[in-house]
Amino acid sequence: MNYFLKIAPVAILCLFFAVGAYHYTAESNSRGPVQPILFSHKIHAGENEIPCQYCHSFADISPNPGIPSVQKCIGCHQYVNGRDENYVTNDGQVINYKNEIAKVKGYWERKEPIPWLKVTTMPEYVKFNHKRHIKRGFECQTCHGQVEEMDVMYKAERLNMGFCITCHEQNADNKEHLEHLKDCLTCHY
Amino acid sequence: MSENKNNGLSRRDFLKVVGIAGGTAAVTGACSGDPVEQIIPYVIPPESYVPAVPKFYASTCRECPAGCGIVVKNRDGRAIKVEGNPSNPLNNGSTCARGQASLQGLYNPDRIRSPLGRKENRKNLVPIGWDEGIDTLSGKINELVSSGRGSRIAYLSNNVSGTLDSLINKWIGSMGGRRYTYESFSYDPIKEANRICFGIDKIPTYRIEKAEYVLSFGADFLETWLSPTYFARGFSEIRTYKNGKMGKVIQVEPRASVTAASADLWVAVKPGTEVFLALGIANVMIRNKLNKRNYSAVRSLISEYTAEKVSKLTDVPVETINQIASDFSKNKSIAIGGGVATSGTNATETMVAVNVLNYLAGNIGSTVDFSDTLSLSSVSSFKGITKLFQDMKDGKVELLIVHGTNPAFTLPKSLKAVEALSEVDYIVSLSSFMDETTEMASLVLPDHHPLESWGDYRVNRSYTGIIQPVMHPIFNTKSTGDLILEVSKKIDSTKELFEEPSYYEYLRNSWKKFAPTKSPSSKGFEVFWKESLKNGGIKLGISPRKVSINVLQKAGSHQDTTTRSPQDSTIDKILDELGTVGKKIAILIEKVKDFISGVSIDKAVEAIYGAGVQVLVLFIAIQLFTYIGAASIASIIIASGFSYRPLALIFTALRKYGFNEIFPSVVQKFKEQGVTKEEILITIENYPKEVKKEVKLKLKEWVNENWEETSYPPTLNYLKFSEPNIKGDGEFYFVTYPSYRYYDGSGANKPWLQELPEALSTSVWDSYVEVHPDTANKLGIREGSYLNIRSPQGEFKVQAFVYEGIRPDTVAVPMGQGHTSYGRYAKGRGVNPLDLLPDVRDARSGGLAFLSTKVSVSNAGSHSLLVRTQYTKTQHDRDVAKAVTLGDLKKGGYDKHHEEYDFYPPREYAKHRWAMNIDLSKCTGCGACVTACYAENNIPFVGKDQVAKRRDMAWIRIERYFDKDKSGKMDVRFLPMLCQHCGNAPCEPVCPVYATYHSPEGLNGMVYNRCVGTRYCANNCTYKVRRFNWYTYKFPEPLNWQLNPDVTVRTKGVMEKCTFCVQRIKFGQDIAKDGDGVVKDGDIVTACQQACPTNAIVFGDMKDKSSKVAKLEKDKRGYKVLEVINTKPGITYLKKLKWDNA
């Protein structure tokens, strides 16, 4: 009995460990962070078929794709005001089109940047060059998942080194190219 | 144990639980999702903004008066790297260490962040708003000007030549105030000597790159003298081995500077006697008929200085003097003077002697170029500055505006500058840093850093650089130009002075004078302006200036008045052609002959002055005789209605003394009496129509161009050469010299410069005194011992550096340290050698004499480690930094390349093999590469304590070795040491986690995120180039803004080392892939290579057989360091090329 009591904290910790292990092995968290505006990629990229690079316009000319300026948002939304109707997102959140778009306009009128939360992060020691991948013809979805189906943007892939290397291995043109694509200095410096 | 068990968990169980808990925490902690960061978009993005793609802005470096062109890399709105501007005619794409470190001035955590004021006489400066600051200043000025005390306003700035200079002059001038420009090193003796010898009160451009033989009297031309990067390029030319030839550099000075270390011969002259050595060399030249110019002019000056006599005076062997004289005259040469040689009380005399040498060798007009004089020539003379400080002491200055200069630190204590400043009612400092002078200010209105400002800088007559902001201002500062415009609008007397709303507009308007199209709103100007911004400045056409060497010839003629000078025939010719007028003059000349012949030049000038401005114009007309002809001169005479008596006087005086002697005297006389240029122009304009329009025009043109520059007559005739007057009764000469790291002390607040090892001592973060080994023995001290250095003016205690490169009778301390303010990195560090100097000036120019005291040196009895990065002085016979003599190279006595058999097959490289080549002949040890590397690669500075533990983080270091050559002369070798990217690297196989490995492109890769910090690699590295992060080093805000986003910032426990700037390789390859995919030779430039002022470093692809680096690898001088270990380095060094007999 005494022994059981003694072992109990250990058992509880084991449980924590199991949860941790589950987190580690499971596919990435399907819930993205709560953004200041419920910007739905599903509505923009999915239903309205706006190309990714219309907003992320630097993806093919810079290592960093950039996020659109408030000016860019308002470029469309000065005309698109949104109906006064509700919209239910994939995970059941209910928003009002008009109210949500009004938030963008608010930022624009106050000339304030929208404090978006970063969804896809890379550690500092990884240098990922968007330009090279886009120019080679990869779809954004390869790494970012089916963005056009996401109401709340989340990190679809873990983007760990295994993910990168697998793809690099599959896409090498020849042995020399493979050697280059698997070279540490390709991404780490 | 059993007791424990009864009471609770056993030790073993406890460890189990803790272990599991820790593991769980680690796992869940590490995997609980990525840290949530914000990404802030632009509201309205700047035009043509692309994130992560750098932009480059051309500007001008303002760390010293040289004014090199720079290109600043801006990434996402922050300036992160300074590089040389390749289109700049001076520095040609290179920078020095100070230029690199200008970023740490910009991002200095100790910058003044807003205007400061003293409220209700409180002791401390407290932050105020700009409105309050401007109101206070304009109120103060209004009060002074309205009560007629405008002349009690003084503006003291550094050399801000260009538009800002004229703005300040106009503003201060309109209020009746006084304007001074003060540079710590103003080269007064050079200017004065040039005035004496050539009548030009200017600093010429010394074209070292055109010379084959450089004879430098103390000029530290590779460190701080005039324009070090420009001279370094010239040095590189001299050191280039072509057609079996190489130039030679001789450095004459009592202590071997970094420049002397790179010279072929260091002549350890007795301090202050350089003047005699120069005269002795001239004497030998004449005696051996080696002179290229007529020597009669200077014979009398140098005849007594025979080689034997000079040898006794200077401690330089006769053979050396003879050798130098012979080499100097036989090669295309140049003699320069500076540093210690021009800092005694006889400095001007030394420079005159140097000028004589240049004259005799025919260098004036070829390697010494007076047509392109430096803007530095026009700073206030030291006489003027001392007058200002005297006036302050006398309470004649009520408002002093100090801008870009720190006299409280850079003037010796004995000059009592601090006392003088404290007598000033109100000091306004425009400094961006809290320095010694700013601390005394009542109001601080901080200027932008030059990298945040608009402006321009006139370097010399032929080039004006643009200063453009390379990023948004960091703090609440205001550019001085804008400040003046705003203040002037609030002052009653200057309200209407400027129309422009901002200094940017003012600058643009002032640049309209350079534009090809003059109309202000034209499109042409916009094109011109954009082009100038892109190029970083504008090259201006200059007419070559003919330097009248007649001056020197005339100097001799005063002893021999019977022979007629060439001018006399001109005078007769003019008189002949004047016709009847001439005849009348000739008759009168006979009459006044007796009077004039007995009159001295001064009396004649006096008499001519009495005749008025009309006569001055006539003088100018006669001067222009060949252009305008005698008829025009006659017309002027008639139009002016001269009486014939002064005419006779003029012509007689001209006959007797010649133009060159009498004309500047006359002009000077008129100037002294307050005759202005405008007055002369009006006189010319008012001539009746007998005088032709084009003659008037010609006269006016001449007056406009030459009036300011024509001055006093040469006094070479009466010059006597003397030994310097050295005060103090100690037994050692005290030499203090500008440091190439801190300049006059303004660099001391930049940690990169503090941590840059001084090339010879390799000391960091502190001061030291150089003493000769013999002196050290005599004093019973060793390296690091504390010495008391005492002069009548003061005393300090400083550590000794035992140095072979200094005379036994001399001790030397570099300037720049010993700040009592100026931020956390500078304050309270080292000693200020200026504290020991007496108030002594150069007798002729009035320049500050740095070589002016003897000191006594005594052992203070204590010792501690003199913190340095390289303690070993010799190569211990390892022959790391190799050298080869010219003779041996020609004979083929160099190491033959031969293939060693290897057990392993050679490594194959598929596409590239990145490699480097370093020419040891060209490396001057200046440290530009080291600082550039710090800037590019986010290398932390670690401070003195950590360097003492050998934990400095530099990826590239300059190793220096002192050797003796065959003849026993000191032979200094510099060897830039960085990761050799070995083909067979010892570090790679010992890494247990494969954090370091050989990349398919020949790089020795270092993967930080793999590294676990065993440090095996560093232990096994042959070249000791690996650096370990013992801490996560801090970059205090906003120094961290400078960090390069393309390079990982390393944390504690990680090994790091040179990567061959892999981020630049990747960038180059990325750009190439956007095009045809081919990386061309020269597309990828490493940071060290980019900075190197002598182009000693070449980087490229060894697989590309046509690349520069591949060709240089096969050079006869090529070798690998410690090749015998078979590491197969990727860096080839070229042996230092030496003269068989320097």
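View 1. Helices (H or I, at least four residues) and strands (E, at least two) are DSSP runs numbered from the N terminus, and two strands pair if DSSP finds at least two bridges between them. Strand E28 (residues 914-919) of chain B runs parallel to E37(B) and is joined to it by 4 bridges, with B:Tyr1133 as the bridge partner of B:Ile918. Strand E36 (residues 1118-1119) of chain B runs antiparallel to E37(B) and is joined to it by 2 bridges, with B:Leu1134 as the bridge partner of B:Gly1118.

This is a predicted model, in which local features need pLDDT of at least 70 and side-chain atom pairs count only at pLDDT 80 or more, whereas totals for chains, interfaces and linings use all residues. Residues are numbered from 1 along each chain as its sequence is written, chains are lettered from A and ligands numbered from 1 in the order in which they are written, and side-chain values use heavy atoms, with hydrogens and water left out.

**View 2. An open sheet of 7 strands in chain B.** The strands follow the order E6-E5-E17-E16-E15-E7-E8 with mixed pairing, and the edge strands, each pairing on one side only, are E6 (126-127) and E8 (178-181) of chain B. Within this sheet, strand E15 (residues 399-403) and strand E16 (residues 426-429) of chain B pair in the parallel sense over 4 bridges, and B:Leu399 stands opposite B:Tyr426 in E16(B).

**View 3. The largest nonpolar core.** A nonpolar core is a set of buried Ala, Val, Leu, Ile, Met, Phe, Trp, Tyr and Cys residues joined through side-chain atoms within 4.5 Å. Of the 136 residues in the largest one, B:Tyr206 and B:Leu215 touch the most other members, and helix H10 (residues 274-287) of chain B gives the most to this core, with 10 residues. A second, separate core of 116 residues includes B:Ala748, B:Ala826, B:Cys929 and B:Phe962.

View 4. B:Asp774 is found in helix H32 (residues 773-779) of chain B and is partly exposed, with a relative accessible area of 47%. The C-alpha atoms of B:Asp774 and B:Ser785, which are 11 residues apart along the chain, are separated by 15 Å.

Notes
Buried < 20%, exposed > 50% of the residue type's maximum accessible area, 1.4 Å probe, protein only.
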